[in-house]
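Let me put the model up, and then I'll talk you through the salt bridges and one surface patch.

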Amino acid sequence: MADVTNELIYEVLKSIRNDVTRIDPKTDEIRAELQAMRGHMIALQTDLHNIYVTLDRHETRLDRIERRLELSSPALP
């Protein structure tokens with residue numbers, strides 16, 4: 001079994017530090033991309049909500065028109 005010396009530990013720690021310094025900017029990029037995706041998801045949710053509100057408003061108006069024109073079909077038993 002190889003002897004573990006302080007110099008060997010120091011070299012391993014230096015290589016780990018180099019790896020971490022290369023990873024750090026990449027995590028910043030990933031964070032920025034996730035924030036952009038979160039923004040897009042919020043925009044999509046807002047758009048869907050607006051569509052549902054518009055559809056509900058149209059359905060209400062159509063029901064009123066049908067009642068006024070007496071076009072409503074009788075309710076099913």
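Predicted model: local features only at pLDDT ≥ 70, side-chain atom pairs only at ≥ 80, totals over all residues.

Before I point at anything, the accessibility words: buried means under 20% relative accessible area, exposed means over 50%, and partly exposed is in between, with a 1.4 Å probe and protein chains only. Residues are numbered from 1 along each chain as its sequence is written, and side-chain values use heavy atoms, with hydrogens and water left out.

I'm calling it one when a side-chain nitrogen of Lys or Arg sits within 4 Å of a carboxyl oxygen of Asp or Glu. How many salt bridges does that rule give? The count is three.

Arg22 counts as exposed because its relative accessibility is 55%. Its partner is Asp19, and their side chains meet at 3.0 Å, N to O. Asp19 comes out at 34%, so that one is partly exposed. Helix here means a DSSP run of H or I with at least four residues, numbered from the N terminus.

Next, Lys14 and Glu11. Their closest N and O atoms are 3.5 Å apart, and again we're in helix 1, with three residues, or about one turn, between them. Lys14 is partly exposed at 28%, and Glu11 is partly exposed at 42%.

Then there's Asp28 with Arg31, where the closest N and O atoms are 3.1 Å apart. That pair is also three residues apart in helix 1, so about one helical turn. Asp28 has 39% relative accessibility and is partly exposed; Arg31, at 47%, is partly exposed too.

Now the patch. Patch members have over 30% relative accessible area and no salt bridge, with like charges joined within 9 Å and nonpolar side chains (Val, Leu, Ile, Met, Phe, Trp, Tyr) within 5 Å. Areas are Shrake-Rupley with a 1.4 Å probe, and for residues only the protein chains shown count as cover. So which residues make the nonpolar patch? Val4, Leu8, Ile9, Val12, Leu13, Ile16 and Val20, for about 610 Å². Take Ile16: it lies in helix 1, which covers residues 6-68, and at 43% Ile16 counts as partly exposed.

Methods:
Helix = DSSP H or I, 4+ residues; strand = E, 2+ residues; numbered from the N terminus.
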